[in-house]
Amino acid sequence: MQTFHGHIYFLENEIDRAAIIRENIAQALPKLTYVGRLIAKPVGPHSKPMFEIHIPASEIEKITPVLDEMRQGLSVLIHPVQENELEAHTVGARWLGEALPLDLKVL
């Protein structure tokens, strides 16, 4: 079964707000298969602190609009999980809110 990853980005001074948004998302979207911890620094291709969620492909069309309503202005990257990570994070990616730069050379 295909899965999508969602990355919800925040600034260092928004970590308390991000924690509340994370908890609200976890409560409102029980079909998520994973809700990750807050990562308070940029990692991998991600240029800002973030937390990650995993969305089953069968739920993507239902979950995306709810996520858009709950993100409170934070940027969200949604991409498919696939072998070609560069393609997943670019061609297959969609953004809710402002698109942020990614460090694609690490993919």
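Modeller: Of the 107 residues in the chain, 42% are buried, where buried means under 20% relative accessible area, exposed means over 50%, and partly exposed lies in between (1.4 Å probe, protein chains only). The model is a predicted one, in which local features need pLDDT of at least 70 and side-chain atom pairs count only at pLDDT 80 or more, while totals for chains, interfaces and linings use all residues. Residues are numbered from 1 along each chain as its sequence is written, and side-chain values use heavy atoms, with hydrogens and water left out.

Biologist: Which pattern does the chain follow along the sequence?

Modeller: The order is β-α-β-β-α-β-α-β, made up of three helices and five strands. Helices (H or I, at least four residues) and strands (E, at least two) are DSSP runs, numbered from the N terminus. The radius of gyration of the chain is 13 Å, close to the 13 Å of the globule rule for 107 residues, so the chain is as compact as a globular protein of that length. That radius is taken over C-alpha atoms, and the rule is 2.2 Å times the number of residues to the power 0.38. Along the principal axes, the C-alpha atoms fill a box of roughly 30 × 30 × 20 Å.

Biologist: How are the two faces of a strand to be read, and what covers E3 on each side?

Modeller: In a regular strand the side chains alternate between the two faces of the sheet. In E3, Met50, Glu52, His54 and Pro56 lie on one side and Phe51, Ile53 and Ile55 on the other, and all are buried. Strand E3 covers residues 50-56, and seven of its seven residues are buried, so this strand is largely enclosed by the rest of the structure.

Biologist: Which sense does the pairing of E1 and E3 take, and over how many bridges?

Modeller: Two strands pair if DSSP finds at least two bridges between them. Strand E1 (residues 3-9) and E3 are antiparallel, with seven bridges. Thr3 is opposite Pro56 of E3, and His7 is opposite Glu52. E3 is also joined to strand E2 (residues 34-35) by two bridges, again antiparallel, with Tyr34 partnered by His54.

Biologist: Is E1 enclosed or open?

Modeller: Seven of the seven residues of E1 are buried, so E1 is largely enclosed by the rest of the structure. One side carries Thr3, His5, His7 and Tyr9, the other Phe4, Gly6 and Ile8, and all of these are buried. E1 pairs with E4 too, in the antiparallel sense over five bridges; there, His5 has His79 as its bridge partner.
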